Amino acid sequence: MTDRLMLLDTASLYFRAFYGVPDTVKAADGRPVNAARGLLDMIAKLVMTYEPTHLVACWDDDWRPQWRVDLIPSYKAHRVAELVETGPDVEEVPDPLEAQIPVIRAALDALGIPVAGVPAHEADDVIASFAAQSAMPVDIVTGDRDLFQLVDDAHGIRVIYTGRGMSNLEVLDEAAVVEKYRVLPAQYADYAVLRGDASDGLPGVAGVGEKTAATLLAAHGDLTGILAAAETGTGMTAGVRAKLLAAADYLAVAPTVVEVVRTLDLPVVDTQLRTPDAATVASLGAEWNLGSSLDRAVAAISAQH
């Protein structure tokens, strides 16, 4: 079997599981375990379908890094539950999901899947750094379109996109990104800067939508080329030029916010999948009522040997 590394955008998956699986199943202490069970079912399906030999659950040690907020104060601002002066802001997470995070961590540990995060960085940055530094092909599992910027055929980096649900997974290589957005993956971060993203609190350039952004990138290559053309007034309409020049302050800082960090000093973790310890799994399953979801994840991982 060819070595292949799978990187999970863990929070993206457990949020999806929480909202997609009914909360009727509960542990003995009364807490719901729908997000934990749903995540285990996702892992089972992903491992069986794509057959990774190595797996990392990438974690948001800081879901809203201050250095990004300093550049664009609206970044993820609508998802803040509590501002914290001395550390990461508290994200708005439903209490029944918050209560399951320890269960999720324990389940990943029992399966032998390492959790990796880096202070002052999001899971996106951890994923990008693992992908950039990996010697083997990489599958990135996420519902976040920003990670399309990492797709790279030459290095075997694909995105398994969960945005349409686990029953409609999309595998994106370079051709798929171009077909969907009319830009290359290497242009995707600039495309996102221009277009904006309300879900992340990125305003974009007022009046520039997906079609105009793609057209500008096709004509000028990247944001640097677009801004150079806007300065000289060539290769675009006067109206588009005016919109770009009016957004100069935003365009000076937005690329740093949108581009993922590929150079992090990553924690040393054992990423290789191995058959989980039966006693540990049985104990955890009984304690948290994880049932067949845990069994399926164990079976999927054990089948990779």
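1. Let's start with Asp29, a residue that is partly exposed, with a relative accessible area of 48%. Keep in mind as you read that this is a predicted model. The partner of Asp29 is Arg31: the two form a salt bridge whose closest N and O atoms are 2.9 Å apart. Arg31 is also partly exposed, and its relative accessible area is 22%. Buried residues fall under 20% on this scale.

2. How many salt bridges does the structure hold? The count is 14. Another of them brings the side chains of Arg4 and Asp139 together, at 3.1 Å from N to O. Arg4 sits in the segment before β1 (5-9), while Asp139 belongs to strand β6 (residues 138-142), so this bridge ties together parts that are 135 residues apart in sequence. Asp139 has 0% relative accessibility and therefore counts as buried.

3. Elsewhere, salt bridges with shared partners join Arg68, Lys76, Glu122 and Asp125 into one network.

4. Lys76, a member of that network, deserves a visit of its own. You will find Lys76 in the loop between α3 (66-71) and β3 (80-82). Is Lys76 buried or exposed? With a relative accessible area of 7%, Lys76 is buried. Its backbone is also worth checking: phi of Lys76 is near 55 degrees, a positive value in a residue other than glycine. As background, most residues other than glycine have a negative phi.

5. Ala120 gives you a second case of this kind. Phi of Ala120 is near 65 degrees, again positive in a residue that is not glycine. Ala120 is placed in the loop between β5 (115-116) and α6. Its relative accessible area is 36%, so Ala120 counts as partly exposed.

6. Next, please look at Arg195 in helix α8 (residues 188-195). Arg195 is buried yet has no salt bridge. Which side chain of opposite charge is nearest to Arg195? That is Glu210, 4.0 Å away. The side chain of Arg195 does make a polar contact, at 3.3 Å, with the side chain of Tyr188. Leaving aside residues up to four places away in sequence, Arg195 touches Arg145, Tyr188, Gly204, Val208 and Glu210.

7. Leu266 is found in the loop between α12 (248-258) and α13 (278-288). Its relative accessibility is 15%, so Leu266 counts as buried. The C-alpha atoms of Leu266 and Gly117 are separated by 7.9 Å, although these residues are 149 apart along the chain. Not counting residues up to four places away in sequence, Leu266 touches Val118, Val126, Ser129, Phe130 and Gln133.

8. Now for the empty space. Rolling a probe the size of a water molecule over the atoms shows where such space is left. The largest pocket holds about 550 Å³. Its lining has 25 residues, and the closest to its centre are Asp9, Ser12, Arg79, Asp144 and Asp200. Two helices, α1 (10-20) and α6 (123-133), each supply at least two residues of this lining. Which element gives the largest share? It is α1, with five residues.

9. Finally, a search of the whole structure finds one cavity of 30 Å³ or more. About 80 Å³ of space lies in the largest cavity. The residues that line this cavity are Arg68, Tyr75, Glu122, Asp124, Asp125, Asp146, Asp200, Leu202, Val257, Val258 and Val260. The elements that give two or more residues to the lining are α6 and α12.

Terms used. Residues numbered from 1 in each chain as written. Predicted model: local features only at pLDDT ≥ 70, side-chain atom pairs only at ≥ 80, totals over all residues. Heavy atoms only, no water. Helix = DSSP H or I, 4+ residues; strand = E, 2+ residues; numbered from the N terminus. Buried < 20%, exposed > 50% of the residue type's maximum accessible area, 1.4 Å probe, protein only. Lys, Arg positive; Asp, Glu negative; His and termini not counted. Polar contact = N/O pair within 3.5 Å; in protein donor to acceptor, adjacent residues only side chain to side chain. Contact = heavy atoms within 4.5 Å. 1 Å grid on protein atoms, 1.4 Å probe; cavity = no way out; pocket = protein on both sides within 12 Å on 5 of 7 lines; lining within 4 Å. Points joined across faces, edges and corners; volume = space filled by probe spheres on them.
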